[in-house]
Amino acid sequence: MLIMGKNVAVLGAGSWGSVLANVLVENGHQVELWTYKTPQADEINSQHTNNKYIKDYYFSEKLHATTDMDAALDGVDVVLFVVPTKAIREISVQVCDILRDKNNAPLIVHASKGLELKTYKRVSQIIDEEIPSGYRSGIVALSGPSHAEEVAHHDLTLITAASEDLDAAKEVQKLFMNNYLRIYTNPDLLGVELGAAFKNIIALGAGALHGLGFGDDAKAALMTRGLAEISRLGVAFGADPLTFIGLSGVGDLVVTCTSVHSRNWRAGDQLGSGKKLPDVIADMGMVIEGINTTQAAYELSQEKQIDMPITEAIYNVLYRGADIKEEVGGLMTREGKSEEIAQNMVD
Ligand SMILES: NC(=O)C1=CN([C@@H]2O[C@H](COP(=O)(O)OP(=O)(O)OC[C@H]3O[C@@H](n4cnc5c(N)ncnc54)[C@H](OP(=O)(O)O)[C@@H]3O)[C@@H](O)[C@H]2O)C=CC1
Ligand SMILES: O=C(CO)COP(=O)(O)O
């Protein structure tokens, strides 16, 4: 099943980038993990740890980190982007400048979950714009219910390799698949990327409900109604509605709304407990993608006239200083609806 000996550059040495790089090393590939921070590269190379992002975990001694992107991209077969969405464009520009002088045209994979602010572009669209097809082969999104903390310890995880290019998706499937990480292919790149981005909004809400002291009924309700509204927005952009009941849809929604590993859930929990947003962001020290994605999704829903009451409530808390309890009260006392109509993913 494994393709042995591919050369892979992993860009972004946070929690997910460093763990995915380790998976690739364990699968027998040559990996250069790129970070812009020399002390972090030194820590990974000499102590085999990455303690700010994955506590008390020892990486393979074969995993090598570097701050030299040119060297990392030299002769690579695959480039994996795992930086926060807001950094994708600038890193893509740097990668393209380097690939222009090489002739390896690698396969591009990304594992980031968000939308670009203002342009509302998906990660694969940004990469496609900045790295023309002459300098690379296909683009694949790797997505689904997966926390770095669990994959690091070989917990069983199933995710999706999505691409409009099936051969590229199959190559990524073979690259990552092993006895603890199972990969499916999916042709609905748009639906997979939108599900991955939007579930973080609902995870912020699920965390907030927990912080406010609400229980399992409220959590189940939020996840169900949240799935209905994020599917509605995704379908308006051309996603296959069935993608939202797959790994990158309901799968990722469930894990992110229920796991203490989720930074989005934890951020929501802290907001629900009364902590101020700037303190939540500062104390997390890792990316909380749902904050920007809430803004993007809210603006898109306004533009497309799509009813997204949960997203709007979370937007009001994050960007308009609204009181969380009042927003929850507002959601509960909206005009009564038929579930048949309210559940419709399409209208
Ligand atoms: N963690 C997980 O389990 C999973 C994460 N993801 C997705 O993967 C993406 C990355 O997440 P994750 O690894 O968790 O995030 P982290 O915050 O743990 O790490 C992000 C890394 O990218 C670095 N970075 C930030 N901005 C730049 C930049 N402009 N140039 C270069 N490097 C930069 C950060 O450095 P610094 O900290 O110094 O800013 C950090 O090393 C996100 O889109 C997330 O949604 C997907 C699935 C699982
Ligand atoms: O996407 C993830 C799990 O699949 C990671 O979620 P968080 O970014 O909320 O930690």
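Colleague: Hi! How does the shell around ligand 1 divide by class?

Modeller: That shell has 13 nonpolar, 10 polar and 3 charged residues. Here Ala, Val, Leu, Ile, Met, Phe, Trp, Tyr, Cys and Pro count as nonpolar, Asp, Glu, Lys and Arg as charged, and the others, Gly among them, as polar. Bear in mind that this is a predicted model: local features need pLDDT of at least 70, side-chain atom pairs count only at pLDDT 80 or more, and totals for chains, interfaces and linings use all residues. Residues are numbered from 1 along each chain as its sequence is written, while chains are lettered from A and ligands numbered from 1 in the order in which they are written.

Colleague: Thanks! Which residues are closest to ligand 1?

Modeller: Gly-14, Trp-16, Ala-87, Ser-112 and Met-286, out of 26 that surround ligand 1. A residue is near if its C-beta atom, placed from the backbone, lies within 6 Å of the molecule.

Colleague: And which helix gives the most to that shell?

Modeller: α1, with 3 residues. Helices are DSSP runs (H or I, at least four residues; strands are E, at least two), numbered from the N terminus.

Colleague: Switching to ligand 2, which residues come nearest?

Modeller: Ser-146, Asp-252, Ser-262, Arg-263 and Asn-264, of 13 around ligand 2. The largest share of this shell, 3 residues, comes from α10.

Colleague: What about its classes?

Modeller: The shell around ligand 2 has 3 nonpolar, 6 polar and 4 charged residues.

Colleague: Which domains does the ligand 2 shell draw on?

Modeller: At least three residues come from each of domain 1 (7-187) and domain 2 (190-342), with bounds from an automatic or database domain assignment.
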